[in-house]
Amino acid sequence: MNPITNIKNQNRMNERELSLGYAGDLKKSWHQTYKDSAWIYIGGLSYALSEGDVIAVFSQYGEVMNVNLIRDKDTGKSKGFAFLCYKDQRSTVLAVDNFNGITLHKRMIRVDHVEEYKVPKYKEDADEETKRLWEEGCAPKPIMREADPMEVQEKRIKKAKEFMLDIGEKKLAKKIRKLEKKAARDPDGDWKNKAKLIDKVVAEDDLYGENKHFDFGKKKEVEEVKHNPRPDFEKADWRDIEIWKVIREREKAEKAAKGESTEAWGPEEHYVSKRYQGR
């Protein structure tokens, strides 16, 4: 089929997806067929373009990991088509949708997915640059840095924390001095400044005491209840009620084994006067 016809058919598919509302939904899109491949085919390239030019153009939609610009065996000139691999497969969808049918270097290019890319055969007579590209790809190399020992890192972190604490204390002291100067200059001054000075200098416990009504929503550690509390049968969940019943029966069995009373409360002897108990 004519390459231009392929380009038009592909653009028609994209327009149809837009009209149906499938754009962006990879599960319904035709791109789903190629979800396992990060390679794309680029055809109709100008013969003057090199691998670097192709990478510069197609890196707009993702990091390029490898490129294979097909060249003539004898002359080494480009044949006008290439295969390119992205780091993220989703970049292939962006490249196919946006680059297919554009004019690059006065030529219309065709960009499409590659379902199964065949690695080129290794040739001994290839130049060193081509061999390096086949073996290592064209992705940027990570910068290796020797890490310091853990002791040195811990000392550096500790020093940085102390430095930050010193800065915080200095800033707080500076603010207090500024507020004290304002208060000395104008004793009957703005009440807001006085409130700020009190908040900075006086501790909340000294001001309000240990009264729980002045906690103002502070979170405190609540001690866990060690005994089995009786749930409110009107409000509690049925699971809590059943759990309580099981634990209560277990406690009764343990008390009965020890010979203790299984009653929830003791005998109400205090309701009867002592002088009438013997009668």
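**Entry 1: Lysine 174**

I looked up lysine 174 and found this residue exposed, with a relative accessible area of 60%; exposed means over 50%, buried under 20%, and partly exposed in between, with a 1.4 Å probe and protein chains only. I note that this is a predicted model, in which local features need pLDDT of at least 70 and side-chain atom pairs count only at pLDDT 80 or more, while totals for chains, interfaces and linings use all residues. Residues are numbered from 1 along each chain as its sequence is written, and side-chain values use heavy atoms, with hydrogens and water left out.

I located lysine 174 in helix H5 (residues 150-185). Helices (H or I, at least four residues) and strands (E, at least two) are DSSP runs, numbered from the N terminus. I then found that Lys174, Arg177, Lys178, Lys181 and Lys182 form a positive surface patch. Patch residues have over 30% relative accessible area and no salt bridge, with like charges joined within 9 Å and nonpolar side chains (Val, Leu, Ile, Met, Phe, Trp, Tyr) within 5 Å. A salt bridge here is a side-chain nitrogen of Lys or Arg within 4 Å of a carboxyl oxygen of Asp or Glu.

**Entry 2: Strand E1**

I checked the burial of strand E1 (residues 39-43): four of its five residues are buried, so the strand is largely enclosed by the rest of the structure. I traced its pairing next; two strands pair if DSSP finds at least two bridges between them. E1 is joined to strand E3 (residues 78-86) by five bridges, in antiparallel fashion, and tyrosine 41 stands opposite phenylalanine 83 in E3. Strand E6 (residues 110-113) also pairs with E1 in the antiparallel sense, over four bridges. There I found isoleucine 40 opposite histidine 113 in E6.

**Entry 3: Strands E2 and E3**

For E3 I found seven of the nine residues buried, so this strand too is largely enclosed by the rest of the structure. Strand E2 (residues 64-71) runs antiparallel to E3, with six bridges joining them. Asparagine 68 has phenylalanine 83 in E3 as its bridge partner. I recorded E2 and E3 as a hairpin with six residues between them, and noted that glycine 76 in the turn has a positive phi of about 80°.

**Entry 4: Asparagine 14**

I placed asparagine 14 in helix H1 (residues 3-20). Asparagine 14 counts as buried because its relative accessibility is 13%. Its C-alpha atom is separated by 8.8 Å from that of tryptophan 30, 16 residues apart along the chain.

Methods: Areas by Shrake-Rupley, 256 points an atom, 1.4 Å probe, with all protein chains shown as cover. Lys, Arg positive; Asp, Glu negative; His and termini not counted. Charge placed at Lys NZ, Arg CZ, Asp CG, Glu CD.
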